[in-house]
Amino acid sequence: MATLRIYDVKDQVLALDLRDVLRLLAPRSLQTSWTVSSVKSSKPGHEWFEATGESSAQLEALAEKNSRISGTELLALADNTQQVIWGEFTGSTPNPPGSIWVVIRAADSTFYEIETADETVLNKIISTYKDIRLGETPISTWPLGLRDQ
């Protein structure tokens, strides 16, 4: 799997959010089953899911239970969310069942991380965004730092 981090900024804030990535990866993202979860820390017991806006509480409740929802449901929630600050969204395909297609992570409003082996996804990300960093290891666990204290 390749990992891309998107750092695009507009008016001093991250220039994209979950809804933008889901739309970019449509129609497949809408046909995918998504697991909503928190971003794990390297310190046991520390993990985060944080969002703002009308649907933020619903997304946070889904993340607490590692809930699965459809792509259309996730996009509807993302459209009613102002910003996903921390969160992980794992897209699985039906064939083969449970096969991970893409992982989207929001990291502290600093960047979005896309982890996938799908060349189409990688090409869409690279052709759409400007500040992309290739080949970094995924943040499967967030390192110790100010957020862990």
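Me: In this predicted model, does Phe89 count as buried or exposed?
Reply: The relative accessible area decides this, and a residue is called buried when that value is under 20%. For Phe89 the relative accessibility is 0%, so the residue counts as buried.

Me: Are Trp34 and Trp101 buried or exposed?
Reply: Trp34 has a relative accessible area of 0%, and so it is buried. Trp101 has a relative accessibility of 6%, which is under the 20% limit, so Trp101 also counts as buried.

Me: What kind of aromatic pair do Phe49 and Phe89 form?
Reply: The ring centres of Phe49 and Phe89 are 6.0 Å apart, and the planes stand at 75 degrees. Because that angle is over 60 degrees, the pair is edge-to-face.

Me: How many residues apart are Phe49 and Phe89, and where does each one lie?
Reply: Phe49 is in the loop between strand S6 (47-48) and strand S7 (50-52), while Phe89 is in strand S9 (residues 83-93). Phe49 is itself buried, at 13% relative accessibility. The pair therefore links distant parts of the chain, and the separation in residues is 40.

Me: Which residues outside its sequence neighbourhood is Ser37 in contact with?
Reply: Ser37 is placed in strand S4 (residues 33-37), and with a relative accessible area of 5% it is buried. Once neighbours within four places in sequence are left aside, its contacts are Phe49, Ala63, Asn66, Gly87 and Glu88.

Me: Within what arc do the buried residues of helix H3 fall?
Reply: In helix H3, which covers residues 71-79, the buried residues are Gly71, Leu74, Leu75, Leu77 and Ala78. Seen down the axis of H3, these buried residues line one face of the helix, because they fall within an arc of 160 degrees.

Me: Which elements are included in what covers the buried residues of H3?
Reply: The covering of these buried residues includes both helices and strands. Among them are helix H1 (18-24), S4, helix H2 (56-64), strand S8 (68-70) and S9.

Me: What arc do the buried residues of H2 cover?
Reply: Ser56, Leu59, Leu62 and Ala63 are the buried residues of H2. They lie on the same side of the helix, because around the axis they cover an arc of only 125 degrees.

Me: Which exposed residues does H2 carry on the face turned away from its buried side?
Reply: The buried residues of H2 pack against S4, S7, S8, H3 and S9. The face turned away from that buried side carries, as exposed residues, Ala57 and Glu64.

Me: Which residues touch the most other members of the largest nonpolar core?
Reply: In soluble globular proteins, nonpolar side chains tend to be buried together. Here the largest nonpolar core has 34 residues, and those that touch the most other members are Leu18, Leu74, Val84, Phe89, Ile104 and Ile125.

Me: What is omega for the cis peptide bond between Ala26 and Pro27?
Reply: Pro27 is found in the loop between H1 and S4. The peptide bond that joins Ala26 to Pro27 is cis, with omega at about 10 degrees.

Note on methods: Residues are numbered from 1 along each chain as its sequence is written. This is a predicted model: local features need pLDDT of at least 70, side-chain atom pairs count only at pLDDT 80 or more; totals for chains, interfaces and linings use all residues. Side-chain values use heavy atoms; hydrogens and water are left out. Helices (H or I, at least four residues) and strands (E, at least two) are DSSP runs, numbered from the N terminus. Buried means under 20% relative accessible area, exposed over 50%, partly exposed in between (1.4 Å probe, protein chains only). Contact means heavy atoms within 4.5 Å. Rings of Phe, Tyr and Trp (its six-membered ring) pair if their centres lie within 6.5 Å; planes under 30 degrees apart count as stacked, over 60 as edge-to-face and the rest as tilted. The arc is that of the directions from the helix axis to the C-beta atoms. A nonpolar core is a set of buried Ala, Val, Leu, Ile, Met, Phe, Trp, Tyr and Cys residues joined through side-chain atoms within 4.5 Å.
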